[in-house]
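User: I'd like to go through this one and ask what stands behind each label. Could you start with how pockets are defined?

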Amino acid sequence: MSNRSSASPDLTIEQVEITPCIQRQEDPTWKFARGGIPQIHGWIVTLRNASGEAGWGHILSTPIAQPDIEGMRTAIEAAVGVAHGHSALDQEGLLSALMAVCADRPSVQAGFTNAALELAARVLNLPLHALLGGAVRQSIPTTRLIPIKPPDEMASQARRLHAQGYRGLKLKLNGDGDADIARVRAVRAVVGDSVLLTVDANQAYEASNAIEVCRALKHENVTLMEQPVPAADVDGLKRVTDSGLLRIEADESIGSLAGLVRLIKMDAAHSYNLKVPYLGGLRNTLKAVHICEAAGVRCRLGAIFAPRLASSQAAHLAAVLKSVDGGAEIAESEHLLDDPFSGFDARDGHVPVLAGPGSGVRLASTPDKLNTRRQHA
């Protein structure tokens, strides 16, 4: 016998739809230390209640540079099978069910849990941030990424972004110390001292070489180096951190909430780059922020390569945080084409926290469904 009340909002997930989402880069030569990214592979999760109201989430195919499409399809199939029947507000129950079938696919978990939160917020006619703790800001300062290119081309892109109002830039490095230093110097020369410059090596250095590069970049007023060494080399990460030359931020070394706790216990980094797709969704990322706050260490919301839907959802998360340290990296949807969502755009170096319901974006187009499951109680 059903225990649902006709007067209660219908939050039960009755239908799951999965649609492909492949987005071309505006710059098809976009490159970081681990490879080129001419396009972003992913899927849109649509969860519906019995009335047909919808909430969306995005699944990023990982690794981003060499996507594991078939492995992700298998994990998504398993996730579709367990989502039905959960309350859209039951984040812990849904995440537990997802962990049982795709524990090693946090981006799948993120797509489903974020879609559930979006559905709940839309059914309840609330902005997404209301389900995450309530907004303390309505505009989020953002840091933009600059891909690996010759120094003059990176400087040209930095100049353009600076003119658009961005005051935080993160430069991708490739592990060639002299070339990387030249890249940073070229950018600093054109943007001056008003821009917060950070760099991201994406695991490209060995610890000793990273320390030497940090020594040089300190003179260019670089604020932070992200993930200088391979993810598994946590001892090397700590060596670079202990050199005290630059603030060092962990990214790929984190891996999970448990991995974050391990690194904090080791004092392996000064700061932690927290990415919604890699931590299992908005709620888990909020947990990671709270862990960092309790431990007295810094953290940032890391880069999201995804449709405007995911960027707007991350903006709602950023809206509830005590601080947005160094600017959230949630405006990368600005350089992705073929976006099925609209209504979220950066302006003057900031992104908005859109008014509800949900994340506030609009579904502009619907790609052909890769796989549709309709399940009814």
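Predicted model: local features only at pLDDT ≥ 70, side-chain atom pairs only at ≥ 80, totals over all residues.

Analyst: Pockets are found on a 1 Å grid over the protein atoms alone: a pocket is an open set of points with protein on both sides within 12 Å along at least five of seven lines, and lining residues have an atom within 4 Å of a point. Grid points are joined across faces, edges and corners, and a volume is the space filled by probe spheres set on the points. Residues are numbered from 1 along each chain as its sequence is written, and side-chain values use heavy atoms, with hydrogens and water left out.

User: What makes up the lining of the second largest pocket, by class?

Analyst: Five charged, four polar and three nonpolar residues. Ala, Val, Leu, Ile, Met, Phe, Trp, Tyr, Cys and Pro count as nonpolar, Asp, Glu, Lys and Arg as charged, and the others, Gly among them, as polar. The lining includes Glu26, Asp27, Trp30 and Arg144. Helix 4 (residues 151-163) gives the largest share, three residues; helices here are DSSP runs of H or I, at least four residues, and strands are E runs of at least two, numbered from the N terminus.

User: And which residues lie nearest the centre of the largest pocket?

Analyst: Thr62, Asp251, Glu252, Lys275 and Tyr278, out of 37 lining residues. The volume of the largest pocket is about 810 Å³, and its lining divides into 20 nonpolar, ten polar and seven charged residues.

User: Why is Cys102 called buried?

Analyst: Buried means under 20% relative accessible area, exposed over 50% and partly exposed in between, with a 1.4 Å probe and protein chains only. Cys102 has 1%, so it is buried. Cys21, at 5%, is therefore buried too.

User: Why does Leu11 count as buried?

Analyst: Its relative accessibility is 11%, so Leu11 is buried by that cut-off. Leu11 sits in the segment before strand 1 (15-24). Contact means heavy atoms within 4.5 Å, and beyond four places away in sequence Leu11 touches residues including His86, Leu89, Ala120 and Val123.

Note on methods. 1 Å grid on protein atoms, 1.4 Å probe; cavity = no way out; pocket = protein on both sides within 12 Å on 5 of 7 lines; lining within 4 Å.
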